Each structure stands twice: as C-alpha cells, then as structure tokens.
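Open the model in your viewer and keep the selection panel at hand. The stops below go in order.

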Amino acid sequence: MISFFRKLSWLVQRRRKEAELCEELQFHLEEEAQEHQDNGLRSDEARFAAHRELGNMTLLQENVRAVWIWRFLEELIQDLRYAWRMMLGNKIFSMLAVLSLALGIGANTALYSFMDSILLRSLPVTDPDSLVILQWHSCGVSRGCPDRDQSV
Amino acid sequence: MKKQSRLELMQGTLDLLILRTLLTGPAHGHAIAKHIQRTSEDLLQVETGSLYPALHRLEARGWIAASWETSNKGKRAKFYRLTATGRKQLVNEHSKWRSFARAMGLVLNPGDQEAS
C-alpha cells in the first residue's frame with residue numbers, strides 16, 4: 001500500500017525522476033570508466049568499455065521506467081481484482097456495506113434537498129414574508145396524561 | 001581478460017544480495033555492483049541492466065531509500081540505504097535462502113547426511 005502511494009507520487013514527478021535516472025546512469029558510466037582507466041586503459045577506451053558493459057542504455061531506462069509505471073498499473077489492477085474477489089467471497093458483508101452506503105447517501109440527499117427547498121428557497125406563495133407559524137399547546141392537567149387513559 | 005566461468009544470478013537472489021550489501025552502509029549503484037562482484041570472488045557479475053531496475057523496485061517497495069549525496073570523489077551520486085522494513089526483509093529472505101540451500105543440499109547429496 002505504501003508502495004502504491006510512492007509510485008503515485010513518482011507518477012506526478014515523472015520528469016524529475018527521469019532526469020535523476022539519467023544522472024544516476026551517467027555517474028555509473030563515469031565510475032566504470034574511471035575504474036578501467038585505473039586498470040591502464042586509455043580514457044576513450046575506458047569510456048567505450050564502460051558503455052559496452054552497461055549495454056543498451058535506452059533499454060535499461062525503459063526497464064527502470066517499467067518499474068515505476070507499469071508495475072504500478074499492474075498492482076492497481078491486482079488490488080482491484082483482489083478487492084472484487086474478497087467482496088464476492090463475503091457476500092453478506094459486502095451487501096450490508098453497499099446497502100448502508102446506499103441508504104446513507106440516499107437519506108442525505110433526501111434530507112438536504114428537503115432542507116434546501118424548505119429553508120433556502122422561498123415558498124411558492126405570493127408574499128412569503130407575511131407567513132407565520134402557528135403553534136398550539138393543549139394543557140392536559142385536568143384530563144391527565146394519555147398513558148393513564150390507555151391503561152384504564 | 002580472463003575467461004572465468006561466471007555464475008548466472010538466479011531469479012530473486014539479486015534483491016537479497018543488494019539488501020545484504022547495504023547492511024554495511026549506504027552505497028551508490030556502482031559500488032553495490034562492485035561489492036557483490038568482489039565479495040563473491042568475481043563469480044557473481046551483476047548486470048547493470050538488472051541492477052538498476054532492481055534498485056528502483058526495492059525503493060518502490062520501501063525496503064531501501066535513496067538520497068543524493070556527494071561521493072568521496074566529490075561527485076553527486078544517488079546513494080541507497082537500508083530502511084527498517086528492508087532490514088526485516090533481509091532477515092526474512094536470508095533465512096528463506098538458508099533453508100532453500102539446505103534443502104537443495106539434502107536432495108543433491110543424500111549420502112552426506114546418512115554418513116554424518
């Protein structure tokens with residue numbers, strides 16, 4: 001999972017990564033050439049030998065790039081397939097998860113659209129400001145509370 | 001150039017060798033390759049073509065971390081070092097390799113075991 005995020009950040013800073021790879025390989029070539037030179041080769045021969053040992057530079061860069069990007073996509077697909085398999089393997093859990101998500105999203109949408117139409121939009125009447133809310137209170141001291149009535 | 005019979009690196013062993021090499025301290029790619037070659041008495045030749053992809057793969061997994069530092073010759077180089085996860089992985093892989101080598105030995109030389 002950490003690897004996933006690291007590759008995601010690498011994907012974003014791809015250009016810098018490629019420049020760095022170039023520099024890294026260049027350093028490798030210089031080191032290799034230096035070593036050949038220390039062993040008694042002429043400087044151009046040493047450089048040539050270093051290049052020969054490294055082989056196909058473009059292929060190497062492609063292979064490293066494959067580690068950054070293609071593996072990343074492959075693993076993403078693997079993760080998705082793994083998730084799908086786990087969901088199929090545990091049907092009740094995934095159904096409950098989907099159901100609770102659906103209910104949660106549905107209820108929220110309903111509530112917010114209700115609130116939106118009630119609180120934010122003015123009511124479709126000619127003079128919304130003149131509307132009042134009437135509240136009725138009935139005092140039940142003499143009649144007693146409803147529970148007692150039911151229990152009789 | 002001496003034509004010594006060099007061993008082909010087996011699949012998956014390069015990672016272990018890199019991790020083990022970095023246990024002694026941070027190193028850049030070229031130094032890692034040379035260290036493996038020297039320590040194995042020139043029997044193991046690390047191909048540059050597989051070394052750098054392996055380094056980047058290990059870095060992606062978080063087993064090693066890279067940073068740009070100046071080498072002892074004053075040039076900028078990408079140094080790799082072992083992370084805590086990498087250290088754990090090294091112990092893991094090492095014991096796996098040991099039991100694998102033992103198992104191979106048991107099958108290839110059954111006589112040795114019976115004799116001892």
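Two residues are in contact if their C-beta atoms, placed from the backbone, lie within 7 Å. Helices (H or I, at least four residues) and strands (E, at least two) are DSSP runs, numbered from the N terminus. This is a predicted model, in which local features need pLDDT of at least 70 and side-chain atom pairs count only at pLDDT 80 or more, while totals for chains, interfaces and linings use all residues. Residues are numbered from 1 along each chain as its sequence is written, and chains are lettered from A and ligands numbered from 1 in the order in which they are written.

Select residues 14-38 of chain A. This is helix 2, with 25 residues. Next, pick E24(A), L25(A), H28(A), E31(A), E32(A) and A33(A), which are buried (20 or more other C-beta atoms within 10 Å of the residue's own, C-beta atoms being placed from the backbone). Their cover includes helix 3 (43-54) and helix 4 (57-68) of chain A, and, from chain B, helix 2 (29-39), helix 3 (48-61) and strand 3 (76-82). After helix 2 of chain A comes G40(A), with a positive phi near 105°.

Now show the chain boundary. On it, 15 residues of chain B are in contact with 19 residues of chain A. Helix 3 of chain B gives the most to chain B's side, eight residues.

Finally, select residues 64-70 of chain B, which are strand 2, pairing with strand 3 of chain B in the antiparallel sense over seven bridges (strands pair if DSSP finds at least two bridges between them). T70(B) stands opposite R76(B). Five residues separate the two strands of this hairpin, and G74(B) in the turn has a positive phi of about 85°.

Note on methods: Expected span 1.5 Å × (residues − 1). Buried ≥ 20, exposed ≤ 12 C-beta atoms within 10 Å, placed from the backbone.
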